[in-house]
Amino acid sequence: MSDTTDSPTMAQDELADKPLRARIKENPRPALLWFSGVVILILLELGRVLGAIGTIGSAIRFGLSGLATIPNWFGGNVSDALEGTDETLAVLGGALVADTAAIVMLFALASVLAWFVLPWRLIDRIGFESTRRIESIVERILLTLVLVVGAALYAFTPVGTFINAEIAFAANLLDSLSSTIPSLTSRELIPNEGHRSPDGGWEGTFLGLSPAWAWAIRTTVVFVYALICLVWAWKGYNVYRDHYREADWTPRDDTIRRFRGHYWGIFGLVVVFMFVVMAVWAPAISPVPIEHNVFSPYSHEFDYLGDDGEIETITHGAANLQSQSNGQNTVSPMTYDEYDRFAPLGTTPNGQDLLTNLAHGAQTSLIIGLTAIGLGALIAVILSLITAYYKGVADILTVLASDTIIAIPAFLLVMLLSVIFSQGNHPVAEPLDGGLLLALILAFAYWPGMWRAIRGPSLQVAEQEWVDAAKSYGQKPSAIMRKHMAPYIAGYIMIYASLLLGTVIIVVAALSFLGLGITSPTPEWGRIINDGRSYVSTSSWHVSTISGLMIVFVVTAFNALGDGIRDAMDPEADVGDDAATTGGGA
């Protein structure tokens, strides 16, 4: 009979040096059970998931179409500059510059594909052999030619028309499915908009309950579902750790153990989780659809019980005029307005539902924050890896660029660029009423700080023995950066990114408060505070007070979460403001 005490070690030894797919194939049951739970959770919210996929697809299409206009923008400027000399020269010069800009952009894309995406090389397929540098250049040139041919086919042949038609069909199909397939947290399944009936009950609400109880039930379902998703994700990590991980122990285990005992970090995680849920499920948490209450209030009607006992109809816009919280008239939190619309947090000075504005304002802040920090962190990581690996000229140029940007106060830089692009009616200022523009500007303003924060760790890891060993074995620089350097600095960038998210939320709110950020009608917390600041000492105190408290709690939570992650990853590190500006520590 075998010794059972040795079985875990033997099992881990058997898993060593096997890819994850092979490990799952040998023991599929735990993975299948967990994946079945994921499928069930997705099916419960399938309509909302399809809607999210459609939204992401639309954002990608907008980004690609924006990039496609860059060559024509360069060409148009050159053509305008040469227009006074010779018309033919202006046309040819503009076309030449536009084509050159397009080729440069495609070459940059080819470099990214060759470095980080494609697992194979074109030169291997054609049997080309030379030195590593020449092979790298030839590979990028070949990829650029392939992309040029593809772009030409898309732009000048029916292939582009066919692709656009298929994309439009897929987008319309997703939109149709997302609106027809019910979701667990949809307001169609648990409606809270209704009206009193002449006999004293409620009509049009979930199970005939009052709008307050119907909204409370739907909101509870939202948070319970989100909590189950979080718990199931943690369950998935445990399944991987117990059944498919090669090692019995990894440093990540100690990181998680330390974080679970970091109560300040746990507080931050709880508040950030609630903020994310509020943003992601904003349509479900809002008592009134934002299209009805904010964007198009005079295009949507609802029924209510009139004073004469008859059911009457009115638009949301007309009802908002009678539901304003402007110091004289107030719809306080947890009350109904004159038209039996329940307002959990009261109404705004415009008569709009405050929670609807705050929930979608959280969505706006989350989108801007993730876009800005994600793009800025991507730039910082790529530049830190390149400068740490190559040093020399690459490092000097990056230092000069970062010093130039840091020399300008970040808030002033954001204000300046925001005004320039907004008043110029640039297309990038249209999405989210300036939200995308703010995200791009913040990414440009904050990547130097993130780059400096991880520059020290990047330089340290570049001098480690395993990096030298990888070089001696002939691995490509991109592979060395991706496999042997990037994982080392991932923890550092995670810490600084979580801390900066709170800063981004404050900056966006401050700009909107000053009238330079998100413009109406897109909800934003800073503008809500500005709208209600004149009524803080009146009965309409809730407009600015609740909005301000939410900003305080969310920003504090992101800072707390960043502190918890930092202490859990490196409990002996002392990462303060000085470290953040000079490059951090190992």
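Author: The model is a predicted one, in which local features need pLDDT of at least 70 and side-chain atom pairs count only at pLDDT 80 or more, whereas totals for chains, interfaces and linings use all residues. Residues are numbered from 1 along each chain as its sequence is written, and side-chain values use heavy atoms, with hydrogens and water left out.

Helices (H or I, at least four residues) and strands (E, at least two) are DSSP runs, numbered from the N terminus. Helix 16 comprises 16 residues, 392–407, and at 1.5 Å a residue it should span 22 Å; its end C-alpha atoms lie 23 Å apart, which agrees. The expected span is 1.5 Å times one less than the number of residues.

The buried residues of this helix are Asp395, Thr398, Ser402 and Ile405. They cover an arc of only 100° around the axis, which places them on the same side of helix 16; the arc is that of the directions from the helix axis to the C-beta atoms. An α-helix has 3.6 residues a turn, so residues three or four places apart point the same way. The face turned away from the buried side carries the exposed residues Val393, Ile396, Leu397, Leu400, Thr404 and Ala407. Buried means under 20% relative accessible area, exposed over 50%, and partly exposed in between (1.4 Å probe, protein chains only).

Leaving aside neighbours within four places in sequence, Trp281 is in contact (heavy atoms within 4.5 Å) with Glu45, Arg48, Thr185, Val222, Tyr225 and Ala226.

Helix 20 also contributes to the second largest pocket, where 9 residues of the lining, the largest share, come from it. The lining has 40 residues, and Arg252, Thr255, Ile256, Met494 and Met569 lie nearest the centre of the pocket. About 1400 Å³ of space lies within this pocket. Thr255 is placed in helix 10 and, at 19% relative accessibility, counts as buried. Not counting residues up to four places away in sequence, Thr255 touches Ala568 and Met569. On a 1 Å grid over the protein atoms alone, a pocket is an open set of points where a 1.4 Å probe fits, with protein on both sides within 12 Å along at least five of seven lines; lining residues have an atom within 4 Å of a point. Grid points are joined across faces, edges and corners, and the volume is the space filled by probe spheres set on the points.

Some backbone details remain. The peptide bond from Ser520 to Pro521 is cis, with omega near 10°, and Pro521 sits in the loop between helix 20 and helix 21 (525–532). Asp340, in the loop between strand 5 (335–336) and strand 6 (342–343), has a positive phi near 65° and is buried, with a relative accessible area of 10%.
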